[in-house]
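Me: I would like to learn how to read the features of a protein model, one at a time. Could you take me through this one slowly?

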Amino acid sequence: MPAAIGQELVALLPRLRRFALVLCRSQPLADDLVQGACERALANAGSWTPGTKFDAWMFRILRNHWIDHLRRMKAEGMTEDVSLQTQLIGDPGEGPVLNRLVLSQVQRAIDSLPQEQREVLVLVCADDLSYREAAEVLGVPIGTVMSRLARARRRLMEMTDAA
């Protein structure tokens, strides 16, 4: 059964990595989380039901792996700041600098959101999951997803120049 999910898993890696980055804000830790989630998925490939949303199943595994990590590292906390990541730097000139400033402002606004709002925002807005799929990933009712997303969007509008 692991070979059956292999290709779908490989195709999903960039989205899993992006979600992991949102959760942990550290590239090395995000890579570790994605690797751990993939190991768990391959070890438990028989629990995935063909015909159901593979990406929602994987996001749930990744999120649960993150929660397990937080429980293990409770006293240690975060060790890397996403603002220090140099791969976001573009070409020299005013445009890239202004874009970086806007990106930085939006990143700070997203970072200031409560964890549950950040998760919903990424799953629905960046990874294109439906409200129902995001609810399944997070293990909450669909109404909770909708209200968290509305609060997140309203808060981002207030904190950025988009208002």
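Reply: Let us begin with a single residue of this predicted model: Glu-119 has a relative accessibility of 2%, and because buried means under 20%, Glu-119 counts as buried.

Me: With which residue does the side chain of Glu-119 meet in a salt bridge?

Reply: The general idea is that side chains of opposite charge can pair when their charged atoms come close. In this structure the partner of Glu-119 is Arg-63, and the distance from N to O is 3.0 Å. Arg-63 lies in helix 3 and Glu-119 in helix 5 (residues 115-126), so the pair ties together parts that are 56 residues apart in sequence. Arg-63 is also buried, since its relative accessibility is 14%.

Me: How many salt bridges does the structure hold?

Reply: The structure holds 11 salt bridges, and another of them is formed by the side chains of Arg-71 and Asp-68, with 3.8 Å from N to O. Both of these residues lie in helix 3, where they are 3 residues apart, or about one turn of the helix. Arg-71 counts as exposed because its relative accessibility is 61%, whereas Asp-68, at 24%, counts as partly exposed.

Me: How should I read a pair of aromatic rings?

Reply: A pair of aromatic rings is described by the distance of the centres and the angle of the planes. The count here comes to 4 aromatic pairs. One of them is formed by Phe-19 and Phe-59, with 5.3 Å from centre to centre and 85 degrees between the planes, an arrangement that is edge-to-face. This pair links distant parts of the chain, as Phe-19 is in helix 1 (residues 2-24) and Phe-59 in helix 3 (residues 54-72), 40 residues apart. Phe-19 is buried, with a relative accessible area of 0%, and Phe-59 is buried with a value of 0%.

Another edge-to-face pair is that of Trp-48 and Phe-54, with the centres 5.2 Å apart and 80 degrees between the planes. Trp-48 counts as buried at 8% relative accessibility, and Phe-54 counts as buried at 5%.

Me: Which residues do ring pairs link into a cluster?

Reply: Trp-48, Phe-54 and Trp-57 are linked in this way.

Me: Where is Thr-160, and is it buried or exposed?

Reply: Thr-160 is placed in the segment after helix 7 (142-159), and its relative accessibility of 13% is the reason why it counts as buried. The side chain of Thr-160 reaches the backbone oxygen of Leu-156 at 2.7 Å. When its neighbours within four places in sequence are left aside, Thr-160 is in contact with Gln-105, Val-106 and Ala-109.

Arg-108, which is found in helix 4, is 52 residues from Thr-160 in sequence, yet the C-alpha atoms of Arg-108 and Thr-160 are 9.5 Å apart in space. Arg-108 counts as exposed, because its relative accessibility is 53%.

Me: Which residues make a nonpolar surface patch?

Reply: Val-97, Leu-98 and Leu-101 make such a patch, of about 280 Å². Val-97 has its place in helix 4 (residues 94-112), and at 48% relative accessibility Val-97 counts as partly exposed.

Me: How many helices and strands are there in the protein as a whole?

Reply: The protein has 7 helices and 0 strands. Of its 163 residues, 37% count as buried, and the protein exposes about 9,400 Å², of which carbon and sulfur atoms supply 56%. Among the contacts with a separation of 6 or more, 66% are accounted for by residues 24 or more positions apart.

How values were computed. Residues numbered from 1 in each chain as written. Predicted model: local features only at pLDDT ≥ 70, side-chain atom pairs only at ≥ 80, totals over all residues. Heavy atoms only, no water. Patch = residues over 30% accessible without salt bridge, like charges linked within 9 Å, V, L, I, M, F, W, Y side chains within 5 Å. Areas by Shrake-Rupley, 256 points an atom, 1.4 Å probe, with all protein chains shown as cover. Salt bridge = Lys/Arg side-chain N within 4 Å of Asp/Glu carboxyl O. Helix = DSSP H or I, 4+ residues; strand = E, 2+ residues; numbered from the N terminus. Buried < 20%, exposed > 50% of the residue type's maximum accessible area, 1.4 Å probe, protein only. Polar contact = N/O pair within 3.5 Å; in protein donor to acceptor, adjacent residues only side chain to side chain. Contact = heavy atoms within 4.5 Å. Phe/Tyr/Trp six-rings, centres within 6.5 Å; stacked < 30°, edge-to-face > 60°.
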